[in-house]
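Reader: Could we go through this structure together? I would like to begin with the overall picture and then turn to individual residues.

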Amino acid sequence: MGAIVNYTDVVSVEATQKYLRFDEVDDALCEELTQMINAACRLVEQYSNHRLKPQDIKYFYRNNGTVSVYDYPIVAI
């Protein structure tokens with residue numbers, strides 16, 4: 001598996017459709033399932049501080065010159 005670009009690379013819409021037992025999926029339902037997958041993955045990232053896909057996140061120094069970073073993985077500084 002290559003680099004994850006979208007959250008649907010982690011959980012596919014087709015797998016979600018089968019899990020939820022939807023027989024037929026139109027474009028509107030496919031878009032809604034994609035939004036649900038994205039929201040669930042963002043929630044997992046927020047709760048666990050473990051990033052599922054590469055993201056640019058900027059951290060700023062505090063007044064005392066320290067930075068607290070709890071996200072994983074860190075790929076560049």
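**Chain and residues**

Author: In this predicted model, residues 24 or more positions apart account for 33% of those contacts in the protein chain that have a separation of 6 or more.

Reader: How many helices and strands does the secondary structure come to?

Author: The protein chain has 2 helices and 0 strands. Its radius of gyration is 17 Å, well over the 11 Å that the globule rule gives for 77 residues, so the chain is more spread out than a compact globule.

Reader: What box do the C-alpha atoms fill?

Author: Taken along the principal axes, the box is roughly 55 × 25 × 20 Å.

Reader: And what share of the residues is buried?

Author: Buried residues make up 17% of the 77 in the protein chain. The chain exposes about 6700 Å², and carbon and sulfur atoms supply 54% of that area.

Reader: Turning to charges, how far apart are the mean positions of the positive and negative ones?

Author: The protein chain has 7 positive and 11 negative charges, and their mean positions are 12 Å apart.

Reader: Let us move to helix H2. Where does Thr34 lie, and in which residue range?

Author: Thr34 lies in helix H2, which covers residues 27–48. A polar atom of the Thr34 side chain is 2.9 Å from the backbone oxygen of Cys30.

Reader: Which residues does Thr34 touch beyond four places in sequence?

Author: Thr34 touches Thr8 and Val13 when residues up to four places away are not counted.

Reader: Ile37 next, please. Is Ile37 buried or exposed, and why?

Author: Ile37, also found in helix H2, counts as buried because its relative accessibility is 6%, and the cut-off for buried is under 20%.

Reader: What is Ile37 in contact with, leaving aside neighbours within four places?

Author: Ile37 is in contact with Tyr7, Thr8, Val11, Ser12, Val13 and Thr16. Thr8 and Val13 are also touched by Thr34.

Reader: What separates the C-alpha atoms of Ile37 and Asp23?

Author: The two residues are 14 apart along the chain, and their C-alpha atoms are separated by 18 Å.

Notes. Residues numbered from 1 in each chain as written. Predicted model: local features only at pLDDT ≥ 70, side-chain atom pairs only at ≥ 80, totals over all residues. Heavy atoms only, no water. Helix = DSSP H or I, 4+ residues; strand = E, 2+ residues; numbered from the N terminus. Rg over C-alpha atoms; globule rule 2.2 N^0.38 Å. Buried < 20%, exposed > 50% of the residue type's maximum accessible area, 1.4 Å probe, protein only. Contact = heavy atoms within 4.5 Å. Areas by Shrake-Rupley, 256 points an atom, 1.4 Å probe, with all protein chains shown as cover. Lys, Arg positive; Asp, Glu negative; His and termini not counted. Charge placed at Lys NZ, Arg CZ, Asp CG, Glu CD. Polar contact = N/O pair within 3.5 Å; in protein donor to acceptor, adjacent residues only side chain to side chain.
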